[in-house]
Amino acid sequence: MLSIDNLVVFAVLLTSFKVPADLGHRVLLLGIALEEARIAATADANYAPAYTVLGLIHMDLKENSLADESFQRALRISPNDADANHNYGWFLCQSGREEQSLKYFLLAIRNPLYTVPQKSYTVAGICAARKNNDRDAIDYLERALRLDA
């Protein structure tokens, strides 16, 4: 059985990179990741990272209702989890709820233990731009650049 930390990395890699030439292999790996995340959630129903991973996998599979449910469960368990907030924000932005997504990016950024706030500022900028909110988009993207400098 994969450790949940390895599973999180695995799921993020799977959902971040699309390799059409090897689609069958990718689907097989997503299936394994889905099963491992389900096992982790069953082993500890209060382990928020398992539900965050389930959300990422369901998001990638375009199972939006299941993704939404998984992210919300992760956040009920651990409302200050920066990764869960960031990923739920990205899910909301990708599913046409850009305005709602900004709240979750900002919650992730406010967590002092979050090591990559520039990532949340960047996608907050993208989501704000999608809503034609150029002023906020520029502000978020400039903040991301300052943190990356």
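Predicted model: local features only at pLDDT ≥ 70, side-chain atom pairs only at ≥ 80, totals over all residues.
At the N-terminal end, α5 is capped by D81, a side-chain oxygen of which is placed 2.9 Å from the backbone nitrogen of D83. Just after α5, G96 adopts a positive phi of about 85°.

The structure contains 3 salt bridges. In one of these, the side chains of R97 and D68 meet at 3.0 Å, N to O. Because R97 lies in the loop between α5 and α6 whereas D68 belongs to helix α4, this pair ties together parts that are 29 residues apart in sequence. R97 is partly exposed, at 29% relative accessibility, while D68 is buried, at 12%.

A further salt bridge joins the side chains of R135 and D136 (3.3 Å, N to O). R135 is exposed, at 65% relative accessibility, whereas D136 counts as buried, at 18%. D136 is located in helix α8 (residues 134–148), and its side chain also makes a polar contact of 2.9 Å with the side chain of N133.

The side chains of R143 and D139 likewise form a salt bridge (3.1 Å, N to O). These two residues are 4 residues apart in helix α8 and are therefore separated by about one helical turn. R143 is partly exposed, with a relative accessible area of 34%, as is D139, with 28%.

Definitions and conventions:
Residues numbered from 1 in each chain as written. Heavy atoms only, no water. Buried < 20%, exposed > 50% of the residue type's maximum accessible area, 1.4 Å probe, protein only. Polar contact = N/O pair within 3.5 Å; in protein donor to acceptor, adjacent residues only side chain to side chain. Salt bridge = Lys/Arg side-chain N within 4 Å of Asp/Glu carboxyl O.
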